[in-house]
Every structure is written in structure tokens, then in C-alpha cells.
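User: I would like to learn how to read helix packing, chain contacts and domain layout in a model. Please take them in turn.

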Amino acid sequence: MWKRFRTNIGAMIGVGILLAVILIALCAPLIYPHGPWQMVQRPFLPPMSVDGLPLGTDTLGRNVAAQLAYGAQVSLLVGLVSTIVALLIGVPLGAVAGFYGNWVDEGAMRFTEFFQTIPNFALAIVLVAIFEPSLASITLAIAIVSWPPVARLVRAEVMSVRKREFVDAARLAGLSRPKILMTQVLPNTVSPIIVMASLMVATAILLESSLSFLGLGDPNAMSWGYMIGAARTVIRTSWWLSFFPGIAIVLTVLALNLIGEGLNDALNPHLSRKGRA
Amino acid sequence: MRYLKATTILVAAALAAPAFAQDSGGRLDIVVQPEPPGLMLGLVQNGPTQMVAGDIYESLLRYNTDLEPQPSLAKSWEISDDGLVYTFHLNEGVKWHDGAPFTAADVVFSADVFLRETHARLRASLAYVDTIEAPDANTVVFTLKEPFGPFINAFETGTMPIVPKHIYEGTDFANNPANATPIGTGPFKFDKWEKGSYIHLVKNEDYYVDGLPHLDEVFYRVIPDAAARAVAFETGEVDVLPGGSVENWDIPRLAGMDNVCTTGKGWEFFAPHAWMWLNNREGPTADKRFRQAVMYAMNREFMKDVVWNGYGKVATGPVSSRTNFYSDDVTIYNHDPAKAKALLAEMGYDGTPVRLLPLPYGETWQRWAEAVRQNLTEVGIKVDIDSTDVAGWNEKTANWDYDMAFTYLYQYGDPALGVSRNYTADRIKKGSPWNNVEGYNNPELDAKWANAATLVKPEDRMALYTEIQKEIVDDVAVAWMQELEFPTIYRCNVQDLVTTGIGINDGPRNAWIKK
């Protein structure tokens, strides 16, 4: 599988970018020990105009490069944690629904549909507004709006796998139903979940940025969306304030999408070949 | 000698010029933001209403930028030596816009009947008034129960607009159909209000001051988006951007255009004063040393320069330097992180985080809170910014659920009108974000505040207010931040636009356009 993944140039570029972003996020406190909020110079300094401030300063004279680095932390953290939470909700629900069928399936799917009928972003805004913006509430809100597709995907996979012969064999061997689900069925649905998860991280980063842009970000955490939102009013005079965080979001989301694509090709070779023909 | 002579003539010509060179005619387009809810100034007194209706309605007095009273409907006035009797002599031959004559009966009706019912802020001042009488058609006498120093400041247009008795007497004021077509005595008459677009006022040909107004018409333009307002000014669609109509960082760009002037004047009567409430009841902010440390930790000069683009002035205490009875004889809190740290160490601050509530009025206020947090973080205070909307801000400050919270309020020219309300114990009351929200309780100062309001002689009042300011600044009842300045941006050929302490509100009366 790794072999197949490795030959996918796009995916490898994605991995490269993502590793770089992770590295920057991890090193942020080392490079900029004073944090992203410190006012270091005159405000509105263009990029490269003063030594040590390659990306210039923002409306309060804060270092844009430091903000970007700390913003990477927030984006990656929110993306990762919210995806994990969404998986923790979606996978069990989908698995149980698909495996047991009947009224369990009916109940679980109606519940899922209830969430699917509300537009994602609108629901996220409402949730964050109710809980008051903080990293925890934003992460939770993103998780709550992103789990339904996971549940539906897992349910479909489980339904197809549970009819296979090896499941019947396991049942004949005397394994209990929960045990069959956990040890026989679920492991066979992992690959589509992984592909989906990588794309979900990208979506979560976009959602977090959009929320911050609208002023619903955690006011105590520097994030890329916040940077763009704050720079919106000065876009005509200080392009760099919205340009660099914008590029950062584009690159990170692109990287995650490339990786997702690569994983998809690597894990489902049949599908991908069919798709390309 | 010849040279001298020539200069003298030039100077003389320059001095004389304004007297005869005031061109008449033309129209002025002013941005109004947001659209006012109504124009009947006796019923509605929010900012946009005051701005538009200040041309339609008038009051007994106007105030120059030093807040000295000037004639308006009253041509002269006397105050008795005991400070109890205010006698106003009205201009003669004044007519309402519908042609009916204006008399002293209108003044008595407005102050004693109409505004007592509709105007909460004036009602507080009228509580000191015993009787309002009109001995003849051109004289009005206010007799007070006890002296009330700031009373002379109560005759401003937004505070005591004179409304027509013949239209309102005996009617349901709030639902009178005439509210839609306001009738005043002012230099401009109401013509048309295209909702969501503009309000059109036309020259009052019968105005009682000869030669005024110079302008033929005034359009108040409603443009809901700040960026669109800036563009409208750039393209020449509007001539005047009143304070607060565009974002702070747009101001230098607009001010740098050809033929564009700016002025910070015209806010003296309101003197918007910004501070942070510091909860005096609980948490670290209950300790005076902590509050002093906050003052020393902040680089307020930097915040003024960067957050407010240099507009305004760092506040020294509760009274704005533009308000009467301001004293600078107080402890000055310069940016001194070392002193802040020493104070924190002395009180044994244990790193308890404090919550900071910004004012949800847009980018500037958010940046301001971030700058404060950074300054406080640098001296070791842990600050979490709460995020909230306008409703949430009102609710949290009114119910004392905060540690530090930004706010700003108007001062109305006198500490007894716009300052003491935030510091005396009788104003500690849950449910309002405009009273003594911080919970500062100093009975000794309460007595001085009360006393200073009722003294007759300005010198005596000044002495008391000086003592009060000194002590309260040492106590740091709240963290005074800045005297806000909202510059007015206008085309330079618009002359004499801002000549009073309320600026644009009654500016078009004297304004003229140089051809």
C-alpha cells in the first residue's frame, strides 16, 4: 500500500506540505517565545521592509510570521481533534445501525438525517454562538456538524461486509454479535474511513477559519481565519495581512486533499483505476 | 515702510474677508449613520436623530466649543446671585415652520409638560426646578428649589428642544401624526424622508437671524456600509462624514485627498470618555493595588496612536479635559511595567486569571482589548478575553458578571450630569450598564459629589471637583483609557461647519459653501 501511495506524486507533495506545517506549528513557541500577540514594531509594516519581520506587521504592529506559526497550531489542533470527535460519534452509530439493522437502523438514521437536513455552517454558527466562542466549543461544534456523513459511510460499509461469508463463519464459530462487529466487520471498513477522515480535517480547518473570520473564533487563540477577518477592513491598504493567512489555508487544505486522494488510490486500487479509465 | 503698509492692508483685508464673503446657496450632503428611528427630537434623542433634527428644532441656548452658552431662541439671559432664578429673554418675530408665532408659552409647554413626560435625561435636571413661568410673551423664568450648577448646560437642542405647543397640547405625544413631519423653529425645514435613502431639508426663508442659513438645502444620506460610505465620500457623492462614519484606518487615506479637511472639534458637549470597568467587588480587581498595577501596565499612549490612529487623548481621570471642572492635579499613570510588577508582588497576586470584556462595536474595540491583554500579560497578569455581542455585553455589565469591561459614555458638559453617575453609591444598582457598574463605594466622596452639584459659585465647585478627582484617581475606581475623538471629515470649501460643542448637530445653520 505504501508503495502505491509513494508513487503518487500529488500525495507526496501533500505530505511534504503537511509535514512542513506541522513542523512550523511545533516550533512556533521556540522561534517566537513571546507569542503571537506581542506588539513588536510599528503597525502596517509591509513584508521585507524591516529585518526580522519577513511578512510585515498587522494593525497593532504584531509580527505576521509569528501569527501564522501560532495559527498553524490552532488550525491543525481544531482540525484533528474535531475529526477524532466526529469519528467517535459517527463510527459507532453507523456501525451499530448497519450491523443490527431493523429498528436500530431506522432510529439511528432518522437521528442522523435530523442533523443532515440543517446546513452545516449555519448549525456550527448557532452552536458556537450558544456556547460562547472558545477552542473547545468551536471544536465541538465542528465535530457535531461533521459526523453524519461518517455514520452513513460506516453504515453502508458495515451492511455490505456483514453479508460476507467470513462473518457467517465467525458466527458459526460461536462469536457473539458485538464481538463479530468489533473484530471481524469494523476492521474491514477502516480504509474508506481513513480516506474520509483526511478530507474531514481539511473541511474542519476551513470551518474553523470561516467561524473566526466572522468573529466567532476563540478571542484568546490566534488563528488564520481571525487574521483574515481582522484584515478585511484594511485589505485595500495592507494586502499582506489577508494574503499570507489565505495562502496558508489554501496550502494546508490542498495538502490534506492530495493526501486523501492518494490514500484513496492506495487503499482502493480497483476503484481508482475504474475512475480514471 | 511701504512694505509694512502693504502688509497692514493685506491683514486688514484678510480679517474683513469672512464678513462679506459668505457665499449663499448650494446644497450639502451629509452621511447619517445609522438611519434615525424618527425625527421628533422631543421623543427620540439618539445620535442620528439629534444630528438631523438639530437643524429643525432649536433650544434656548447653543454652546461654543468651550461650552460657553450662546444665544439661540433666547437672545439674552440672567441668573440670580443665589443661583435659583434663570430668566431668559426670547428673540422676537420667531415663527414656527407652519407660520404660527413662537412665544414663551411654547417654552413653558415644552419644558414643563412635553419633555417632563418624554425625556428621561432632562427629567433628572428638571427635578431641581420648582416652577417654569412666562411673565410675558418673550420672557421665560425657571425657578429652582435649590441651586444646581450644571443647569445652565441643560438648554442644548438635544437636551431641551422646544416643541410647538399649538400642535402637541392635549394630544397623545408619541402617536401625534405630526411626528412624521416635524415642525420646529430651526434654520431648515423638513421636506422629505425617503426611507433607506435620504432625508431632505430645505432652507427656512423666514429664519429670524438675518442672512442665515446660507445653504439652500441639506441632504442626510443613509448608507449602511462603512466601506460604501468611504467610497461615497471619495467619489464626491457626499460632502461630510460625521465622526464615526468610517473605520479609523480609512481616515488618513480620506484626509489625505485633495480639498479634504478634518476636525476633531464639535464633540465637546458630549466628550465621549472611554474606560474599563474594574469590578471593585470581587476577584483581583477588588484590590486597589491591582487596579493601580493595571494602570501602570498599560501603554495607553501607544494604544491611542495605534488603535485610534492618534485621534483622542489619554484620559487622566473621570472627567474629560473637554468637560467643565476638569483638573489635571492627579496622579498620572505612565507606562511603567516595573511599578506594576512591584504592586502586584506587594499584593501577592497569585496569577488568578481575569476576564476582559471588549465593547462589541467593531474592529477598533476588539484590537483595543487585545492590546490591553498584551500589556497586562507582560507584567504577569493572566487575561482571557470574553467574546460577546451587544446584548451579551449589556447583560454582563448590567449584572456585574465581569472582571474588566470596556465602555464609553457622554459627559454632557458637567460632572454632575455625566460623571458622578458612575461613581456614587446611590447609583449602584443591578440592571443598568450606565450607572456605578464597578461598585465603587466611598461615602466621603459621595457627599462631595452631592455638594459640588448644588454649589452656586463655579470656584467652589471647582475646588470640590479637584479634591474628588485627586482621590478617585488614586483609588482607580475604573481604568480610564481615553478621551475619544471622532474626527469629522469634510470638503474644505464647506466653511464654518463645526462651530459649536455639538458639531454637526447644529452645524448647517452657519455653514456655507465657498464658490
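Analyst: This is a predicted model. We can begin with a pair of helices: helix 4 of chain A passes helix 6 of chain A in a left-handed crossing.

User: How is such a pair described?

Analyst: Two packed helices are described by the angle between their axes and the distance between the axes. Here the axes of helix 4 (residues 102-116) and helix 6 (residues 135-161) of chain A come within 9 Å and cross at roughly 145°.

User: Which residues of helix 4 and helix 6 of chain A make the contact?

Analyst: Helix 4 of chain A contributes A:T112, A:F115 and A:Q116, and helix 6 of chain A contributes A:P148, A:A151 and A:R152.

User: Where does UniProt place the feature "transmembrane region" in chain A?

Analyst: The unreviewed UniProt entry gives residues 12-32, 76-100, 121-145, 193-217 and 238-259 of chain A. For residues 76-100 of chain A, the span is 100% helix and the end C-alpha atoms lie 36 Å apart. For residues 121-145 of chain A, the span is 88% helix and 0% strand, with end C-alpha atoms 8 Å apart.

User: How is the size of an interface given?

Analyst: It is often given as the accessible area lost when the parts come together. For the two chains here I have residue counts: the contact takes 15 residues from chain A and 13 residues from chain B. The chain A side comprises eight nonpolar, six polar and one charged.

User: How is chain B divided?

Analyst: Chain B has domain 1 (4-23 + 34-182) and domain 2 (273-483). Their C-alpha centres lie 33 Å apart, and their contact takes 10 residues from domain 1 and 11 residues from domain 2 of chain B.

Conventions
Residues are numbered from 1 along each chain as its sequence is written. Chains are lettered from A and ligands numbered from 1 in the order in which they are written. This is a predicted model: local features need pLDDT of at least 70, side-chain atom pairs count only at pLDDT 80 or more; totals for chains, interfaces and linings use all residues. Domain bounds come from an automatic or database domain assignment. Two residues are in contact if their C-beta atoms, placed from the backbone, lie within 7 Å. Ala, Val, Leu, Ile, Met, Phe, Trp, Tyr, Cys and Pro count as nonpolar, Asp, Glu, Lys and Arg as charged, and the others, Gly among them, as polar. UniProt positions are given in the numbering used here, feature names are shortened, and annotations may be inferred rather than shown by experiment. Helices (H or I, at least four residues) and strands (E, at least two) are DSSP runs, numbered from the N terminus. Axes are lines fitted to C-alpha atoms, for helices over the stretch in contact, and angles run from 0 to 180 degrees between N-to-C directions. A crossing is left-handed if the near helix is turned anticlockwise from the far one by less than a right angle, and right-handed if clockwise.
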